[in-house]
Amino acid sequence: MDIFERIIRENCWKFDKGYPDMNNPTDVALLESLLSKVIGEEIILEVISKSKSIQAAQDFVNNSQFAKDNEVKKFKSGKYANRLNSSKEKDIDKIELALKDHFGVLDSEIEFVEAGTGPASNDSMPGFKLDTEEFGEIYISVSTSKKGDAGKDNERRFNRNINLYASKENPITVKLIGDNKTLTYDNVAEAIDVAGGTQNKLKADTALIYPSGEKIANLSLKQSEGFRWASLNNDKETNFRKEFIKAALNDPNFPIDLKPNPKFPDKERYLMYKEGTDDRITLVVVTDAPYTKDPKNIFGNDDPKTVVVGKTFKEDFVPKDFKFNKETNTLSIEVDHIYKTMDDIDDSPFEPVFIVAQHAGNPYGLDFRSYPRFIVKLPKKGTGIEIKYSDLIK
């Protein structure tokens with residue numbers, strides 16, 4: 001029994017419910033006093049309002065377009081009334097982005113909480129702690145797997161199925177068979193996770209390894225149903241973002257107008273409108289952007305050069321996708337696409353398209369990012385617009 005549990009048991013008679021109700025300020029103050037007395041120093045408990053958390057979760061379900069598109073529901077009652085369940089979208093990274101956008105919080109104002117820790121100490125599911133303007137500090141539980149689920153699971157399945165057959169003692173041949181080309185890698189002893197170096201434009205997720213430990217190949221695994229190429233939410237590589245903001249605020253000939261977002265009076269957050277009107281713009285497609293033609297933004301600076309492989313592996317082992325030939329010691333893996341150069345990607349559904357979209361959690365309330373062409377579609381309601389990169393950057 002830890003000291004916290006012992007204090008509560010010995011003093012349960014002092015609380016109206018027989019235990020401290022963390023939504024009751026009187027109970028919280030009493031518990032802080034008891035803990036401070038025993039520990040010998042002032043204890044101030046971090047308290048998250050359960051009622052406000054439930055209200056916030058319901059607000060997200062009722063008013064978020066993401067929640068409506070993905071059939072996100074809130075648990076109706078009980079101890080999990082602040083939990084969300086998404087029946088379609090299971091990637092918790094995307095759910096995090098939706099929460100940030102809906103509540104208008106910065107990266108520093110949202111924290112992923114692992115199941116069994118912090119506010120999720122008695123929960124088998126993870127969630128997010130947010131510091132919001134409307135509801136204060138809240139915690140929303142999410143019924144899905146751990147952070148990075150969809151993409152990381154895809155990589156784990158790919159690596160696991162190679163490592164079922166490959167080893168240092170028995171290196172194999174790995175053959176990637178796509179609709180546009182086939183790549184063959186000999187003497188593969190292992191497939192390992194190498195993700196995590198995007199800051200230096202390292203794009204690989206997985207590496208194939210020789211028995212000596214040297215890399216044979218770097219692979220970037222992309223799920224065929226959708227992903228993001230890269231972010232341009234900075235001014236280091238191009239001054240496009242700076243010029244976009246300046247033109248939208250000051251140039252009456254520019255087709256886009258920025259107006260302060262009334263939800264964030266103390267932050268520099270804008271909503272996009274068609275110039276001279278009250279007609280909202282939710283998506284801007286930027287044509288002729290050189291950023292989308294730079295190979296480093298797709299293939300990175302990895303050594304060996306990264307190869308982009310498009311495929312979603314939906315089960316831990318799929319015989320249709322992974323076929324091993326014992327006679328030739330070859331594992332053939334069926335994938336959708338293989339891209340080694342920009343020529344492979346140009347005019348394909350995966351061709352990068354540069355967009356500007358609303359994102360309250362980002363500086364200026366805008367997201368500058370590159371997506372595959374098949375994902376980027378101007379809204380039917382007329383809230384989208386196209387501009388030329390060259391109109392801003394001469």
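Colleague: Which residue's side chain does a polar contact of 3.2 Å join to that of Ser-141?

Modeller: The partner is Arg-83, whose side chain lies 3.2 Å from that of Ser-141 in a polar contact. A polar contact is a pair of N or O atoms within 3.5 Å; within protein, one must be able to donate a hydrogen and the other to accept it, and residues adjacent in sequence count only if both atoms are side-chain atoms. A word on the source: this is a predicted model, in which local features need pLDDT of at least 70 and side-chain atom pairs count only at pLDDT 80 or more, while totals for chains, interfaces and linings use all residues. Residues are numbered from 1 along each chain as its sequence is written, and side-chain values use heavy atoms, leaving out hydrogens and water.

Colleague: Is Ser-141 buried or exposed?

Modeller: Buried means under 20% relative accessible area, exposed over 50%, and partly exposed in between (1.4 Å probe, protein chains only). Ser-141 has a relative accessible area of 1%, so it is buried.

Colleague: Which residues does Ser-141 touch?

Modeller: Contact means heavy atoms within 4.5 Å. Leaving aside residues up to four places away in sequence, Ser-141 touches several residues, including Asn-82, Arg-83, Asp-123 and Met-125.

Colleague: Over the face of which residue does Arg-83 lie?

Modeller: A charge sits over a ring if NZ of Lys or CZ of Arg is within 6 Å of the ring centre and within 35 degrees of the ring normal. Here Arg-83 lies over Tyr-80, at 4.1 Å from the ring centre. Likewise, the charged end of Lys-305 is placed over the ring of Phe-299, 4.9 Å from its centre.

Colleague: How many aromatic pairs are there?

Modeller: Rings of Phe, Tyr and Trp (its six-membered ring) pair if their centres lie within 6.5 Å; planes under 30 degrees apart count as stacked, over 60 as edge-to-face and the rest as tilted. That rule gives 15 aromatic pairs. In one of them, the planes of Phe-158 and Phe-313 stand at 40° with ring centres 5.7 Å apart, so the pair is tilted.

Colleague: What about Phe-244 and Phe-368?

Modeller: Their pair is edge-to-face, with 85° between the planes and 5.6 Å from centre to centre. Phe-244 counts as buried at 0% relative accessibility, and Phe-368 does too at 1%.

Colleague: Which cluster do ring pairs build?

Modeller: Ring pairs link Phe-244 and Phe-368 with Phe-240, Phe-254, Phe-354 and Tyr-389 into a cluster.
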